[in-house]
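Here is a short briefing for a first look at this structure. Please view the sequence and the model before reading on.

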Amino acid sequence: MNKMISSLTLVLSLLVITQAGATSHDAADITIHNPWIRSAPPNAPTLGAFMEIHNNSNHNIKLLSANTSGYKRLELHKTEHKNGMMKMIKQDFMPILAHSKLTLKPGSWHIMMVSPELVPSEGDFVMIKLAFDNGLSTTLRAKVRKGNMTMKHQQL
């Protein structure tokens, strides 16, 4: 009987801890729309991931990192026009203003997926985990599809 009460107490404690964690970071603060990855040849050294990130909160939020398995690393990038050249520049974070959205698209903000073990084919899905500075992390499912090339990519 004591063992049963101890087990029940442990389960209830875990439920309370889980609920406390769920309310400290409201998942509704951030919503992700239309995540996708541009299809690439089987020997491509990098791929780009794109999406719309909506900040529905009253506070500015930063996207701090993106991760997935099967790649050497994922980097946050922004394409900028400097001295007549388009350059992709690695960023420490991506800012998403309160009640606004950040659009990740070719030729602008994007997630660079470096050194894939196996380049996914058109129609495949890749799971990407995003981490934000408000403590929220979310995993999204991005579909690989064709995308228009808006600029020539350069290695920096």
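This is a predicted model: local features need pLDDT of at least 70, side-chain atom pairs count only at pLDDT 80 or more; totals for chains, interfaces and linings use all residues.

Residues are numbered from 1 along each chain as its sequence is written, and side-chain values use heavy atoms, with hydrogens and water left out.

**Overall make-up**
- The protein chain holds 1 helix and 10 strands. Helices (H or I, at least four residues) and strands (E, at least two) are DSSP runs, numbered from the N terminus.
- Starting at the N terminus, the order is α-β-β-β-β-β-β-β-β-β-β.
- Take contacts (heavy atoms within 4.5 Å) between residues at least 6 apart in sequence: 65% join residues at least 24 apart.

**Surface and burial**
- The protein chain has 156 residues, and 33% of them count as buried. Buried means under 20% relative accessible area, with a 1.4 Å probe and protein chains only.

**Strand β8 and its partners**
- Strand β8 spans residues 109-116; 7 of its 8 residues are buried, so the rest of the structure largely encloses it.
- Strands pair if DSSP finds at least two bridges between them.
- Strand β2 (residues 46-55) runs antiparallel to β8, joined by 4 bridges. Here Gly-48 stands opposite Met-112.
- Strand β4 (residues 71-82) is also antiparallel to β8, with 7 bridges. His-77 has His-110 of β8 as its bridge partner.

Notes: Buried means under 20% relative accessible area, exposed over 50%, partly exposed in between (1.4 Å probe, protein chains only).
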